[in-house]
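Subject: Structure handover

Hello,

The structure is below, followed by notes on what was found in it. Please read the notes next to the coordinates.

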Amino acid sequence: MSGSPRVLVCDDEPHIVRALKVVLRDAGFDTLPAYTAAEALDVASLRPPDAAIIDLVLPDGSGIEVCRSLRAWTEMPIIVLSAVGEEDQKVRALEAGADDYVTKPFGPRELVARLQAVLRRAGSAPDEPTITVDGLEVDLGARIVRRAGDEVHLTPIEFDLLRVLVRNRGRLLTHRMLLTDVWGPAYANDTQTLRTHIARLRRKLEPAGDDGPRYIRTDPGVGYRFVA
Amino acid sequence: MRARVSSLLLRAEPPSPLAGVLVALLAVAAITAVIFPLRSLSPAVSNGVLYLLAVLLVSTVWGLWLGLLTSVISLAAFNFFHIAPTGHFTISEGRNWVALGVFFAAAVVAGSVADLARSRATEAELRRREADLAADLARGLLGGLSVEDALAPAGERLAAALDLPWAAIALGPAQRNGARALPLAAEGRRLGTLLLPEDLYDDVVARFGERVVPALEALLSAALERDRLQAEVVETRALRRSDELKTALLRTVSHDLRSPLTAILTAAEALSTEGLSASERSDLSAAITAEAGRLAGLVDKLLDLSRLQAGVGEPHRDWCSVEEIVRVAIDDLGVAPDRFRLAIDADLPLVRADAAQLERAFANLLENASHYSGGHPVSVRARAVGRHLMIRIVDRGPGIPATEMSRIFEPFYRPASDRSAHTGSGLGLAIVRGFVEANGGRVWAESLPGQGATFVVALPLDADGATTEGPATRSAAP
């Protein structure tokens, strides 16, 4: 077994798979190619990969099903490939266990960057009590947040929301996932509540300016992600 | 010569007055004959009451004036035969003057009452017939037909009911030689015109204006409103359908254009990496060429379809050879020519069609067949059958399930049995049908699942190419 991380690439377009293989090799990855959902599951179970890139539309089924099957036994990062306008599909894929998605047509460099991001997150220690990102320090044990050394006061629900985002930083979390985690399953569709709290959290955490949010990014129609 | 209008609907034309006079005379004579023998049994003055029967009869049928005439005749007969001195029109006794006076007064009252009853009955009958006519016209105008189609039957119905030689209803202002035009309007808006024979009596026309026109106006207004609403429904439906098509188009563009684009972008990026082997390099550039070709093909199809849907695909017809068209289509496909086996009759007649459009249609059919044929050659047979040129394209693929047969020619339809998402755009067969039908032909599929599919194109051999009726369909023709 070579030292390079292995990536399962499943797409029914051989041209895409073959070209991705070259691009990934250049980025230091080995590619395990697959062209159907069944093949993807076979390949993954024979030689467990370090990450997977799966097209949402496969000849023998949906990429969502592949995500779900993989999630039954592995925590490896999964990126799904989708077309624009398929927000529902993206949300379903994320809820089925995908970590992120990339929209076709994508720049291969972007895909590689996303792949590296999800791998980094997966490799980081999951049990750290204090997380520091870009000048923001979140002490999960003491429930204290500091920005540039100054303590920021958060309500309990705001802290819980931040904790879920930070613990999954780099990963795109759907509205439903956040609502279920923080408020409970009964609130799974209450996106308005989520939007309000995200806005408050941003007011307290994000630096002032027009550069857009630095920490909490919006994925329109899908969800939010805390930058890695 | 005035048009005859005997219908009760417009005017109760009384029976002939001459007949009335005759009946009056006969009735008086009969009554006189009946009471003459009784004069010895009862006083003549009391028997005179019987003459009132004649007055009632005549008043009821012929009206008050003949009734009064009957009274006078009765009076004369009564005087002549029953009042002393009989046989003379003189009266000797003063009390007989009184009896005659009382009789005359009673006759006038009875006649008036009878006349009133008669006109009431006539009026009631008239209204009933008017109501019948209105209901009839309502059925015609508001029933299934569109207003335009319902106008002619309604005119005929009107003419029949009114016993006119003809009557017509036109939309908007209208005029006709030898016709009187009555405007039909509602809420200050001119809706149409009622045309009647010019030679009608003025009072008949006045009656029309009073009794028929208002009902007709209300009906016409309702019918036009209904037509307008129906047109709106149809338009809304068409819009919704065109919306659905646009949504499907977006989805196709979103998916089918993005896949080749992704392959091209990725392959281009891969080409710029280091350490590529020569075979990888040629593989990647071949991928770019192939995917770019796929994109171009899809763009062609989208253009074809939008041309067809915009209705600008008007064919430029000229005499052309189907064999030539099929060969060009095969060349253009860029598939190895041995994938197709041609069996085209020698001296096949020419068809009058748009060669470029048919070429697009056949290219799509052949591409489709070669895609599903699973490596087996596709056979193309063409021969003249009756007044049609029949081209049969036979593949040995999985065939088409009966449930999908009726839908395969719909744009963006992808068979559920074909799970490979990237094999077709779902546009090809819609384009085939569009172009074949634009050229007066028909296309349909025949298939037994598991035994391949045959697509049949029937092109008319008539010079004008106007035949739209295809030969008998042996399977689910779309």
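Leaving aside neighbours within four places in sequence, which residues is A:Ala52 in contact with? They are A:Val7, A:Leu8, A:Ala44, A:Leu70, A:Met76 and A:Ile78, where contact means that C-beta atoms, placed from the backbone, lie within 7 Å.

This is a predicted model: local features need pLDDT of at least 70, side-chain atom pairs count only at pLDDT 80 or more, and totals for chains, interfaces and linings use all residues. Residues are numbered from 1 along each chain as its sequence is written, while chains are lettered from A and ligands numbered from 1 in the order in which they are written.

A:Ala52 also belongs to the largest nonpolar core, which has 68 residues. Such a core is a set of buried Ala, Val, Leu, Ile, Met, Phe, Trp, Tyr and Cys residues joined through C-beta atoms within 7 Å; buried means 20 or more other C-beta atoms within 10 Å of the residue's own. A:Val7, A:Ala19, A:Ala52, A:Ile54 and A:Val80 touch the most other members. Helix H1 (residues 14–26) of chain A supplies the largest share, seven residues; helices here are DSSP runs of H or I, at least four residues, numbered from the N terminus. Another core, of 46 residues, lies apart and includes B:Tyr372 and B:Trp444.

Between the chains, 25 residues of chain B are in contact with 22 residues of chain A. On the chain B side, helix H7 (202–271) and helix H8 (278–310) each supply at least two residues, and the largest share, 13 residues, comes from H7(B).

Regards

Terms used:
Two residues are in contact if their C-beta atoms, placed from the backbone, lie within 7 Å. A residue is buried if 20 or more other C-beta atoms lie within 10 Å of its own, exposed if 12 or fewer, and partly exposed in between; C-beta atoms are placed from the backbone.
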